[in-house]
Amino acid sequence: MFTSHGACSCAEVKVRIRLPDPIEQYSPRACDCDFCIARGIAYLSDPRGSLDIDCIEPIEIQRQGSNQADFLTCATCHTVIAVSVKLEGKLIGALNSSLLSHHQQLQSATQVSPKLLMPKDKLERWQSVWLKMTINDSSSYV
């Protein structure tokens with residue numbers, strides 16, 4: 001397993017991602033919605049991997065688009081940490097790849113258009129590509 005660490009811009013939120021393959025083999029996905037484009041976000045995930053998020057303050061949650069997924073942001077600097085959804089009692093998601101210390105080793109981002117998918121198709125897609133997540137903070141989100 002390849003492990004990489006990272007943090008938001010104020011370092012109040014720390015992340016650790018575990019991936020089954022070397023980071024050089026991954027191409028993050030750049031969502032073409034207005035929210036993600038404005039923030040320059042490309043997401044990294046692998047359903048065989050895992051993401052741990054550790055926070056000092058509770059994570060803030062934003063909803064965009066179809067209001068199905070939660071965009072997790074730092075309460076202090078408002079950096080988007082990840083996008084997530086709870087399905088069948090489990091938290092899955094994708095990490096903002098720019099937070100990783102190894103992010104420059106990633107392949108170029110691939111553009112994706114989730115807004116073209118029907119709500120049911122989005123959930124199926126996310127289940128097939130997102131990774132298991134844990135959040136360690138004092139919020140009631142998890």
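Colleague: Which of the 25 residues in the largest nonpolar core touch the most other members?

Modeller: In this predicted model, they are L51, I53, I81 and M133.

Colleague: Which elements give two or more residues to this core?

Modeller: The elements are β2 (13-19), β5, β8 (80-87), β9 (90-96) and β11 (131-136). The largest share comes from β2, with four residues.

Colleague: What makes I53 count as buried or exposed?

Modeller: The relative accessibility of I53 is 0%, and buried means under 20%. I53 is therefore buried. I53 belongs to strand β5, residues 50-55.

Colleague: How do you know which residues I53 touches, beyond four places away in sequence?

Modeller: Contact means heavy atoms within 4.5 Å. With residues up to four places away left out, I53 touches V13, K14, V15, I59, L72, I81, A82, M133, T134, I135 and N136. For one of these contacts, I135, the separation from I53 is 82 residues in sequence, and the C-alpha atoms are 4.7 Å apart.

Colleague: What does M133 touch, leaving aside neighbours within four places in sequence?

Modeller: M133 is in contact with L51, I53, L72, A82, V83, S84, L91, I92, G93 and A94.

Colleague: Where does S97 lie, and what makes S97 count as buried or exposed?

Modeller: S97 lies in the loop between β9 and β10 (110-112). The relative accessible area of S97 is 6%, which is set against a cut-off of 20% for buried. S97 is therefore buried.

Colleague: Why is the pair formed by the side chain of S97 and the backbone oxygen of A42 called a polar contact?

Modeller: A polar atom of the S97 side chain lies 2.8 Å from the backbone oxygen of A42. The limit for such a pair is 3.5 Å, so the 2.8 Å pair is within it. A42 is also among the residues that S97 touches, including P28, Y43, L44, H103 and L106, when residues up to four places away in sequence are not counted.

Colleague: What is the volume of the largest pocket, and which residues are closest to its centre?

Modeller: The volume is about 450 Å³. Of the 24 lining residues, C31, F71, P114, K115 and W126 are the closest to the centre. Two or more lining residues come from each of β3 (29-31), α1 (34-39) and α2 (119-129), and α2 gives the largest share, four residues.

Colleague: How do the residues of that lining divide by type?

Modeller: The lining has 14 nonpolar, five polar and five charged residues.

Technical notes. Residues numbered from 1 in each chain as written. Predicted model: local features only at pLDDT ≥ 70, side-chain atom pairs only at ≥ 80, totals over all residues. Heavy atoms only, no water. Buried < 20%, exposed > 50% of the residue type's maximum accessible area, 1.4 Å probe, protein only. Core = buried A, V, L, I, M, F, W, Y, C linked by side-chain atoms within 4.5 Å. 1 Å grid on protein atoms, 1.4 Å probe; cavity = no way out; pocket = protein on both sides within 12 Å on 5 of 7 lines; lining within 4 Å. Points joined across faces, edges and corners; volume = space filled by probe spheres on them. Nonpolar A, V, L, I, M, F, W, Y, C, P; charged D, E, K, R; others polar. Polar contact = N/O pair within 3.5 Å; in protein donor to acceptor, adjacent residues only side chain to side chain.
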